[in-house]
Number of protein chains: 2
Amino acid sequence: MPDSGWIAVDAMGGDDGLAVMLAGVARARHRFEGMRFILVGDEAAIREELKAHPNLSQNSEIVHAPEVVGSSEKPSQAIRRAKKTSMGIAIDLVKQGRAAAAVSSGNTGALMAMAKLSLRMLPGIDRPALAARLPTLGDTDMVMLDLGANTECDARNLVQFAIMGAAYARTALDIPHPRVALLNIGSEDMKGTDEIRDAAAQLRATPSVDMQFNGFIEGDRLSRGEVDVVVCDGFSGNIALKTAEGTARFVADLLKRAFRSSVRSKLGFLISKPATELLRDHLDPNNHNGAVFLGLNGIVVKSHGGANERGVATAIGNAAKMVRNDLVRRIADDLGNVEKAA
Amino acid sequence: MPDSGWIAVDAMGGDDGLAVMLAGVARARHRFEGMRFILVGDEAAIREELKAHPNLSQNSEIVHAPEVVGSSEKPSQAIRRAKKTSMGIAIDLVKQGRAAAAVSSGNTGALMAMAKLSLRMLPGIDRPALAARLPTLGDTDMVMLDLGANTECDARNLVQFAIMGAAYARTALDIPHPRVALLNIGSEDMKGTDEIRDAAAQLRATPSVDMQFNGFIEGDRLSRGEVDVVVCDGFSGNIALKTAEGTARFVADLLKRAFRSSVRSKLGFLISKPATELLRDHLDPNNHNGAVFLGLNGIVVKSHGGANERGVATAIGNAAKMVRNDLVRRIADDLGNVEKAA
């Protein structure tokens, strides 16, 4: 049944804890009728909280976890007690085949380490990558990867990220033939590092994957909606993503300051509020929430620690789409085709 | 006389040509009384254009240059005919000691190559770096370097960039004891590449320079006004700078779209226009124009190709401040002190 499946949710992760997580799951359930959930965490607390969500109660099971991964805990420490934590157990349910995906708002480093250790990489993948959705001026989000899982990458890694990112755009964003570009400091062929130039050469020679390779893209064109998948090493990706987040907040802060600067501007603000709310909505990270570790034998989604109920629902909806469209098999097929063609 | 000096201006560079360049110089002259200018380019055209700026005529000389560097010309090509171009001659005037600084709105790569070849590096500097000013939520701009002159950097390069950036903040931004940080993908000690961690260790052990080393800064905190100098390799710096520019434009575009979405929001926009203009002014690149190549035996300032009259004036004002405060000597002194202490 392609329209059904179980998603394991780490109910304890996230800055605002259980109540927000379960409210988010309940909200997602409305949109994805066939989906059912395994809620992992403190059983008594979950049972208590579920009273507020009778509909979710009917479509979920609880798996007790006695421990929780701390938000600043080192991955190496968290891994040692993985099997007792809500995060580790949620991932393990994917490994056992009891769940098709795991979703957590907890510690990113620990989630990555546990997912890698438990689920292992797909054949042919050297390293997993963290992929997220970002808003653009276009009609759909774009995908960017890697966002910090790998500080340094070689050309082979970048090519694999491109293939995985394209598969993700096809399954989660419904873009049949995604436009893919490598993040670089210029658009000319000779720009950038050897790794990036080599990756570009290899991607030009990879016609067996359903994507269109568009060469290089610079940081100032990321949000223009000109490409669907942006590929980079985890260092540059993390810098670009965080700089974009920081700049958007910076402009919003300046705007707030400007609107507060006089009575006239306060009035103008009140009148144009519905319009500025449209803007806020477009940029709200909760509407783009749910990063995914690509390249693993299973789907593991990282929801932002500060996500609200709507954000959690977005992340879970993202996981549900990947499950339905069988992302892992698609990536494996594409990698196989590329290997065969090589 | 610390309040006077000659600045060589490549009058032909820039997207909008001679008229904008000279109008910018004339505007800067009003603010910097003692400054005089050597205008380099097509003599007849400059003479004609100067008729509109009688005051500038009295405070400038013309040096004829028969050729102009093309905006998409390869640096390797441009270098071969440097001595005939307005850009090359302006730099040469600095080398000869006839001008204290050169300013150009032309091709960045060519400017960098010509400046390096003609002026050479300061003793002890391995590579020059491109430094620019960026707006923040704080009262002053911040300095970021390198922004693309060096794709890959080792720890020694990054330490030199920090020393040069701090000297630049002291002379051009009047910050007596600048706060310096390395751009990284986390704030913990173990984050990032070996080069960045090594540079941090060296900077912690460099007390002989007038600056405060604040460790690592992430992309999302760049605009918060928490540091004065951000140091990075040219690849990450270029990605961060362009992503910040692109995101600011993206948010502005969304805001425009939102304001146009209804009659009500159009009205609100009109009322709050003085406030949104404050915002635009704060973010306008023309108010932060004038990147500088640090580490050379002389001051070479790159004005944005698309800068308007005000932007050109900002870049020239920037050059004037560096000349008055003797930036090159300050960098040389700091480097000498660090060498002595090592």
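**Reading the domain and chain interfaces**

Modeller: The side chains of A:D174 and A:K321 meet in a salt bridge, at 2.5 Å from N to O; the term needs a side-chain nitrogen of Lys or Arg within 4 Å of a carboxyl oxygen of Asp or Glu. This is a predicted model, where local features need pLDDT of at least 70 and side-chain atom pairs count only at pLDDT 80 or more, while totals for chains, interfaces and linings use all residues. Residues are numbered from 1 along each chain as its sequence is written, chains are lettered from A in the order in which they are written, and side-chain values use heavy atoms, without hydrogens and water.

Colleague: How many salt bridges are there between domain 1 and domain 2 of chain A?

Modeller: The count is 2. Domain 1 of chain A covers 1-122 + 295-324 and domain 2 covers 126-288, with bounds from an automatic or database domain assignment.

Colleague: What area is buried between these domains of chain A?

Modeller: Buried area is the accessible area (1.4 Å probe) that two parts lose on being put together, summed over both. Between domain 1 and domain 2 of chain A the value is about 1,200 Å², with 56% from carbon and sulfur atoms.

Colleague: And what do chain A and chain B bury between them?

Modeller: About 4,900 Å², 71% of it on carbon and sulfur atoms. A:I185, A:F235 and A:F250 supply 14% of the area that chain A buries against chain B, more than any other three residues.

Colleague: Which side chains meet in a salt bridge there?

Modeller: The count between chain A and chain B is 4. One of the pairs is B:E218 with A:K242, at 2.2 Å from N to O.
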